[in-house]
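Here are my notes for your first look at this model. Keep the viewer open and check each point as you go.

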Amino acid sequence: MARDNPISRRTALKLTGAAAATALVAGCSDDDDNGNGDEEEETFEMEPGERIVLYGDTAGWEGEEPSEIDGVQNPTLVLEEGEEYEIGWEEGDGQSHNIEIRDADDQVVDDLATDETNDTEPDDQFLEFEASEEMVDYVCLPHSTAMRGSIEVEAADNGDDENGDDE
């Protein structure tokens with residue numbers, strides 16, 4: 001008896017297995033953090049006055065400096081309220097990028113945004129700023145879904161003890 005369907009059951013099973021393996025490798029399994037908060041995100045405390053250098057890549061910001069963020073994609077930065085910092089990128093993948101600091105409403109904070117450029121080595125893509133509680137993300141506008149890192153601003157330690165008295 002001749003087959004009407006040129007794809008055998010064995011071939012269909014192989015294709016299904018290959019598709020499942022591809023999904024697993026791509027991170028689509030439920031075993032890993034799937035964005036629902038199952039896994040705690042690593043944070044990086046930045047020293048006041050620190051210069052934070054990133055690499056501009058459409059897949060996400062890649063940390064370069066300081067050394068603790070080297071190679072980390074979209075590192076979560078912990079800053080101290082009222083302290084000065086500098087953030088930006090020196091090298092990129094040749095695509096159009098900029099850097100902005102945004103609030104919870106996804107609005108630019110205090111005009112902290114650079115112009116878009118596709119230079120692989122731009123010279124003016126750094127922002128100097130004082131950390132404030134309204135800052136929640138650093139973002140590349142053209143690639144805002146992939147190139148978005150979190151900012152956590154902690155209240156400054158003013159030297160008071162638990163009774164509110166100066167030490």
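1. A residue is buried under 20% relative accessible area, exposed over 50%, and partly exposed in between. Take Arg 51: its relative accessibility is 35%, so Arg 51 counts as partly exposed. Glu 86 has 18%, and therefore counts as buried. Bear in mind that this is a predicted model.

2. Zoom in on one pair of strands. β9 covers residues 137-139, and β10 covers residues 148-154. The two run antiparallel. How many bridges join them? There are 3. Find Val 139 next: opposite it, in β10, stands Arg 148.

3. The largest nonpolar core has 23 residues. Leu 79, Ile 87 and Phe 129 have the most contacts inside this core. β5 gives the most, with 3 residues.

4. Select Phe 129. What does this residue touch, leaving out residues up to four places away in sequence? Its partners include Leu 79, Ile 87, Ile 101, Leu 112 and Met 135. Phe 129 also touches Glu 83, Glu 84, Tyr 85 and Glu 86.

5. On to charges. Side chains of opposite charge can pair when their charged atoms come close. The structure holds 6 salt bridges. In one of them, the side chains of Arg 51 and Glu 86 meet at 3.4 Å, N to O. This pair links distant parts of the chain. Arg 51 lies in strand β2 and Glu 86 in strand β5, 35 residues apart. Recall point 1: Arg 51 is partly exposed, whereas Glu 86 is buried.

6. Look at Asp 137 next. This residue lies in strand β9. Is Asp 137 buried or exposed? Its relative accessibility is 13%, so Asp 137 counts as buried. Leaving out residues up to four places away in sequence, Asp 137 touches Glu 100, Ile 101, Arg 102, Arg 148, Gly 149, Ser 150 and Ile 151. A polar contact of 3.1 Å joins its side chain to that of Arg 148.

7. Asp 137 and Arg 148 also form a salt bridge, with the closest N and O atoms 3.1 Å apart. Arg 148 is in strand β10 and Asp 137 in strand β9; the two are 11 residues apart, and the pair links distant parts of the chain. Arg 148 has 26% relative accessibility, so this residue counts as partly exposed.

8. Arg 102 forms a salt bridge with Glu 100. Their closest N and O atoms are 2.5 Å apart. Both Arg 102 and Glu 100 are buried.

Methods:
Residues are numbered from 1 along each chain as its sequence is written. This is a predicted model: local features need pLDDT of at least 70, side-chain atom pairs count only at pLDDT 80 or more; totals for chains, interfaces and linings use all residues. Side-chain values use heavy atoms; hydrogens and water are left out. Two strands pair if DSSP finds at least two bridges between them. Helices (H or I, at least four residues) and strands (E, at least two) are DSSP runs, numbered from the N terminus. A nonpolar core is a set of buried Ala, Val, Leu, Ile, Met, Phe, Trp, Tyr and Cys residues joined through side-chain atoms within 4.5 Å. Buried means under 20% relative accessible area, exposed over 50%, partly exposed in between (1.4 Å probe, protein chains only). Contact means heavy atoms within 4.5 Å. A polar contact is a pair of N or O atoms within 3.5 Å; within protein, one must be able to donate a hydrogen and the other to accept it, and residues adjacent in sequence count only if both atoms are side-chain atoms. A salt bridge is a side-chain nitrogen of Lys or Arg within 4 Å of a carboxyl oxygen of Asp or Glu.
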